[in-house]
Amino acid sequence: MHSLSTFLSLVLWTSLALISYTYVGYPLLLFLAARLWGRRPEAPRSEPAPWPKVGLLISAHNEEAWIAGRIENALDQDYPADRLQIVIASDGSTDNTASIVREMSARYPGRIVLHDNPRRRGKATVLNSLLPALDCEIVALSDANTLFDRAALRKLARWFRDPQVAAVCGKLHLVDPATGHNVDSLYWRYENFLKDCEGRLGALLGANGAVYAVRRSDYVPIPGDTIIDDFVIPLLIKLRTRSKIVYDSQAVATEETPPNVSDEFRRRARIGAGGFQSLARLWPLALPSAGWTALAFFSHKILRWFAPLFLLLALVANIGLLQTPEYRLLLGMQGAFYLTAAVGMWVPGKGPLVRLVRLVTLFASMNFALAVGFWRWMAGTQTGVWQRTAR
């Protein structure tokens, strides 16, 4: 019995320690490492002459409400018109997406190109078929519901004067669909902080699918079932070329938040499934030879993807230790934490205490979504064909 208690205690405290490390310890370690050994990448100060040819590639499925505005936003970019081509890939759209793009293409011949695929193929297949064949040096990738700041493409493209740069990730701001106000949450700012620190150490992991660019000649075709392409594409390029992924917080885009909790949960579950899927393809990044990237990949990604398992182990092990008063108290604290997370789904208001409660809710729901994503990955029910979020 004593050996069982010792084992359960070890499981409990190891699980809690790993959770604490990935969410608190690693950011602190990363901050110190970035300040001591990191260096913020510096973009070239002079403009390239001429600017590289850029293809802005957007995959769209049933985006008739957004696609015209997205194209207008792209046309309004502060980038030489003769060096920018807007490529829209309509992937099995059953609405007026393709016809809207076709009409705009007639008004701007040569600047807008439509690839209309009547059969749904999935984003990975679309990218593999179109991206290598584009007539450009740099491919910027984005979504139909994302809007670029006017200078975003310039900010992304300027980095490619450095032949060691193969991918550049911009910064995404989230806005409220009702008011248009910036609603970047504490968690979103936390993630951008990690991106900045990892970027200083040359250990940036993937990109944000709403605003990033890659060198076309460095593109590595991805498996057709890839779930999170914006994570896998830059890292496969990094594995093949040993080149750099840069984070540029001045290359800004905005996107509306999902309109309801279920859409956000589905998105996080999809990311979770994609994360587990990517382990088999990106595992060399966790080897010590990958340097700071190995630390980031293990601490920021692998441990976080397995955090739901650690939470479950901590709860089960704690239940097995109820004969000890201290562990009964700890179990009560765990119960209070999950009760707070449930209450946070309905609590009104905007005060500091409410924000704290909602942060607990976010943490719990995010880990539950990761657990669902793990199950979908294991069951093979999560496909690479993305589901459009209602907007």
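Before any labels: helices (H or I, at least four residues) and strands (E, at least two) are DSSP runs, numbered from the N terminus. The model is predicted, so I keep local features at pLDDT of at least 70 and side-chain atom pairs at pLDDT 80 or more, while totals for chains, interfaces and linings use all residues. Residues are numbered from 1 along each chain as its sequence is written, and side-chain values use heavy atoms, with hydrogens and water left out.

Most residues other than glycine have a negative phi, and most peptide bonds are trans. I went looking for exceptions. Asn 62 sits in the loop between β1 and α2, and its phi is positive at about 55 degrees although it is not a glycine. Arg 242 is another non-glycine with a positive phi, about 60 degrees. I find Arg 242 in the loop between α7 (229-241) and β8 (244-256). Is Arg 242 buried or exposed? Arg 242 counts as exposed because its relative accessibility is 64% (buried is under 20% relative accessible area, exposed over 50%, partly exposed in between, with a 1.4 Å probe and protein chains only).

The peptide bond from Ala 49 to Pro 50 is cis, with omega near -5 degrees. Pro 50 belongs to the loop between α1 and β1.

**Entry: Pro 52**

Pro 52 is also in the loop between α1 and β1 (54-60). At a relative accessible area of 9%, Pro 52 is buried. Beyond residues up to four places away in sequence, Pro 52 touches Tyr 79, Arg 83, Glu 137, Ile 138 and Ala 157; contact means heavy atoms within 4.5 Å. I also checked Pro 52 against Leu 370: they are 318 residues apart in sequence and 39 Å apart in space, C-alpha to C-alpha.

**Entry: Gln 85**

Gln 85 lies in strand β2 (residues 84-91). Its relative accessible area is 26%, so Gln 85 is partly exposed. Skipping neighbours within four places in sequence, Gln 85 has contacts that include Val 54, Gly 55 and Leu 56, as well as Gly 110, Arg 111 and Val 113.

**Entry: α2 against α3**

How do helix α2 (residues 67-75) and helix α3 (residues 97-107) pack, at what angle and how far apart? I get an angle of about 30 degrees, with the axes 9 Å apart. Axes are lines fitted to C-alpha atoms, for helices over the stretch in contact, and angles run from 0 to 180 degrees between N-to-C directions. On the α2 side, Ile 67, Ala 68, Ile 71 and Glu 72 meet Thr 97, Ile 100, Val 101, Met 104 and Arg 107 of α3.

**Entry: second largest pocket**

The second largest pocket has a volume of about 590 Å³. A pocket is an open set of points on a 1 Å grid over the protein atoms alone, where a 1.4 Å probe fits, with protein on both sides within 12 Å along at least five of seven lines; lining residues have an atom within 4 Å of a point. Grid points are joined across faces, edges and corners, and the volume is the space filled by probe spheres set on the points. I noted that α1 (2-37), α6 (186-200), α11 (325-343) and α12 (352-379) each supply at least two residues of the lining.

**Entry: Gln 334**

Gln 334 is in helix α11. Gln 334 counts as buried, at 11% relative accessibility. Leaving aside neighbours within four places in sequence, Gln 334 contacts Leu 12, Ala 314, Leu 315 and Asn 318.
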